[in-house]
Amino acid sequence: MNLKNLIVDDDEISLMLSEMIVEGDSFFQKPQKFLDGTYALEFLREDYSQDKTYAIILDINMPFMNGWEFLENIEHFVSSDNTYVFMLSSSSDKADIQKSDKFKLVKGYFTKPLQKEHLEQIQELISK
């Protein structure tokens, strides 16, 4: 499987911790890291291919392009057949969880920090 991992989070410590967890799991390749949705969107526009599978771990609250805006932009050119988005947020607000359910690309919602159990869920969904 040609799996691309993207982690999008404006919190540098959270980003570093998520990267360490992902790199410690043999299923995942070295992740592409982004401090804002704008840069992640730019990368995905250039890199997106139907021949690849994308696992995107996405923070909600970011200063320039938040997670919701990122989702609204990518849903126009990516497919839910090969793109799996997992929200990772410090928010456990039910309104955020319910909002994430409205996006077909979103396959899970996790509260920070990213944990090994979250990666197991991601792996299980992608491997189906």
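Me: In S4, the bridge partner of Leu58 is Met87. What makes S3 and S4 a pair of strands, and in which sense do they pair?

Reply: This is a predicted model, in which local features need pLDDT of at least 70 and side-chain atom pairs count only at pLDDT 80 or more, while totals for chains, interfaces and linings use all residues. Residues are numbered from 1 along each chain as its sequence is written, and side-chain values use heavy atoms, with hydrogens and water left out. Strands (E, at least two residues) and helices (H or I, at least four) are DSSP runs, numbered from the N terminus. Two strands pair if DSSP finds at least two bridges between them; S3 and strand S4 (residues 83-89) have 5 bridges, so they meet the condition, and they run in the parallel sense.

Me: How do you know that S1 and S3 pair as well?

Reply: S1 and strand S3 (residues 53-58) are joined in the parallel sense over 6 bridges, and with at least two required, this count too makes them a pair.

Me: What makes S3 mostly covered?

Reply: A residue is called buried under 20% relative accessible area, exposed over 50% and partly exposed in between (1.4 Å probe, protein chains only). In S3, 6 of its 6 residues are buried, and the strand is therefore mostly covered. Thr53, Ala55 and Ile57 point one way from S3, whereas Tyr54, Ile56 and Leu58 point the other way, and all are buried.

Me: Which residues of H3 are buried, and what do the buried residues pack against?

Reply: In H3, the buried residues are Gly67, Trp68, Phe70, Leu71 and Ile74. The buried residues of H3 pack against H2, S3, S4, helix H4 (94-101) and S5, where contact is taken as heavy atoms within 4.5 Å.

Me: How do you know that Asp47 and Lys4 meet in a salt bridge?

Reply: A salt bridge is a side-chain nitrogen of Lys or Arg within 4 Å of a carboxyl oxygen of Asp or Glu. For Asp47 and Lys4 the N to O distance is 3.4 Å, so the pair qualifies, and a search of the whole structure finds 8 salt bridges. This pair links distant parts of the chain, with Asp47 in helix H2 (residues 37-47) and Lys4 in strand S1 (residues 3-8), 43 residues apart. Asp47 has 14% relative accessibility and therefore counts as buried.

Me: What makes Glu19 and Lys30 a salt bridge, and which parts does the pair tie together?

Reply: The side chains of Glu19 and Lys30 come to 3.4 Å, N to O, which lies within the limit and therefore makes a salt bridge. Glu19 lies in helix H1 (residues 12-23) and Lys30 in the loop between H1 and strand S2 (32-34), so the pair ties together parts that are 11 residues apart in sequence. Glu19 is buried at 10% relative accessibility, while Lys30, with a relative accessible area of 59%, is exposed. Both belong to a network of salt bridges that links Glu19, Glu23, Lys30 and Lys33.

Me: Why does Lys116 count as partly exposed, and which residue does its side chain meet in a salt bridge?

Reply: Lys116 has 41% relative accessibility, a value that falls between the two cut-offs and is therefore called partly exposed. Its side chain meets that of Asp25 in a salt bridge of 3.6 Å, N to O. Lys116 is in helix H5 (residues 116-127) and Asp25 in the loop between H1 and S2, so that the pair links distant parts of the chain, 91 residues apart. Asp25 is buried, with a relative accessible area of 7%.

Me: Is Tyr39 buried or exposed, and how far is Tyr39 from Glu19?

Reply: Tyr39, which has its place in helix H2, reaches 51% relative accessibility and therefore counts as exposed. Tyr39 and Glu19 are 20 residues apart in sequence and 17 Å apart in space, C-alpha to C-alpha.
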